[in-house]
Amino acid sequence: MEFVYEVEGGNFTKAGNASSAVKKTMKQLNVDPKIVKRTVVALYEAEVNIVAHAYGGVITVNVNAEHIHIVLDDNGPGIPDIDLAMQEGFSTASSKVREMGFGAGMGLPNIKKNVDELKVSSEVDKGTRVEMKTYLKNQ
Amino acid sequence: MKVCDLVEQLNLKVFCGEQGLDNEVVGGYTSDLLSDVMGNVDENQVWITLQTHKNIMAIASLKEVAAVILVKGYKPEQAALEQSNEEGIPILGTDLETFEMSGELFGLLKK
Ligand SMILES: Nc1ncnc2c1ncn2[C@@H]1O[C@H](COP(=O)(O)OP(=O)(O)OP(=O)(O)O)[C@@H](O)[C@H]1O
Ligand SMILES: [Mg+2]
């Protein structure tokens with residue numbers, strides 16, 4: 001099954017809508033609640049990163065009996081140093097975004113902790129792709 | 001313990017989300033950093049914060065917290081209030097500071 005969601009850059013009033021929709025779908029599909037919880041944390045962080053740091057993007061979710069696979073593709077400034085961005089505490093969030101309580105530099109580390117496989121790739125001035133996969137059955 | 005018990009015993013104001021006053025409370029988490037909360041709060045915990053905007057309700061709903069407590073007399077923004085009512089997750093208020101509110105809640109839940 002495939003689901004596609006669009007994310008608007010800069011629009012914090014809609015941040016989390018895609019994550020919420022995916023959560024509902026996973027529950028309907030009777031996915032293990034522990035996996036739903038982990039996936040929701042990871043997806044929300046990645047969704048908010050598009051809102052906070054990029055101009056817009058698309059989330060594609062694929063679920064089958066074996067795994068849930070999520071790809072977030074955005075148009076945006078990209079990430080010049082991915083290893084640095086993955087470090088806890090690193091953030092380039094604007095002061096406006098920080099005032100809201102975002103920008104702790106914990107989003108990407110949260111994603112890493114909550115999925116089985118994570119791949120981040122990026123091209124500066126083009127955009128970023130975050131790909132995550134979690135297995136639904138014990139391997 | 002239920003959210004309504006906290007309201008009564010800690011003398012909290014109920015701004016919205018009244019349908020959730022029967023939500024079960026098993027613990028709490030205090031933080032104003034949203035991705036810290038996202039990573040660490042657990043379902044049926046009460047989240048203590050000074051953030052008042054709509055995104056707190058997105059997080060509260062995704063993490064299925066029992067209720068949100070705003071400290072120091074802060075009030076929820078209108079959009080947060082609306083989402084609280086839709087989701088049935090109460091937003092509560094106190095004039096206490098974060099340290100004091102967390103201490104009170106901790107003491108109550110430890111009993
Ligand atoms: N989609 C993206 N496009 C451009 N830059 C990004 C993107 N995602 C992350 N980054 C960069 O990586 C940094 C670290 O991201 P991370 O999610 O860990 O923290 P944050 O978003 O700054 O704060 P937090 O997630 O704790 O609210 C960001 O500050 C930003 O510089
Ligand atoms: Mg982030």
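This is a predicted model: local features need pLDDT of at least 70, side-chain atom pairs count only at pLDDT 80 or more; totals for chains, interfaces and linings use all residues.
**View 1. Lys23(A) pairs up with Glu64(B) in a salt bridge, with the closest N and O atoms 2.8 Å apart.** Lys23(A) sits in helix 1 (residues 17-28) of chain A and Glu64(B) in the loop between helix 3 and strand 4 (67-70) of chain B, so the pair joins two chains. Salt bridge here means a side-chain nitrogen of Lys or Arg within 4 Å of a carboxyl oxygen of Asp or Glu. Helices (H or I, at least four residues) and strands (E, at least two) are DSSP runs, numbered from the N terminus.

Residues are numbered from 1 along each chain as its sequence is written, chains are lettered from A and ligands numbered from 1 in the order in which they are written, and side-chain values use heavy atoms, with hydrogens and water left out.

**View 2. Chain B meets chain A with 19 residues from chain B and 20 residues from chain A in contact (heavy atoms within 4.5 Å).** Together the two chains bury about 1600 Å², 54% of it on carbon and sulfur atoms. Buried area is the accessible area (1.4 Å probe) that two parts lose on being put together, summed over both. On the chain B side, Ser35(B), Asn55(B) and Leu62(B) lose the most area to chain A, together 36% of what that side buries.

**View 3. Eleven residue pairs are in polar contact across the interface of chain B and chain A, both residues at pLDDT 80 or more.** A polar contact is a pair of N or O atoms within 3.5 Å; within protein, one must be able to donate a hydrogen and the other to accept it, and residues adjacent in sequence count only if both atoms are side-chain atoms. Helix 2 (34-40) and helix 3 (55-63) of chain B each supply at least two residues of the side that touches chain A. Helix 3 of chain B gives the largest share of that side, six residues.

**View 4. Ligand 1 lies between chains A and B.** 21 residues surround ligand 1 (a heavy atom within 4 Å), the closest being His53(A), Ser91(A), Thr92(A), Gly103(A) and Ser35(B). A backbone N or O atom of Met106(A) lies 2.8 Å from an oxygen atom of ligand 1. For Gly107(A), a backbone N or O atom is 3.1 Å from a ligand 1 oxygen, and a polar backbone atom of Leu108(A) is 2.9 Å from one.
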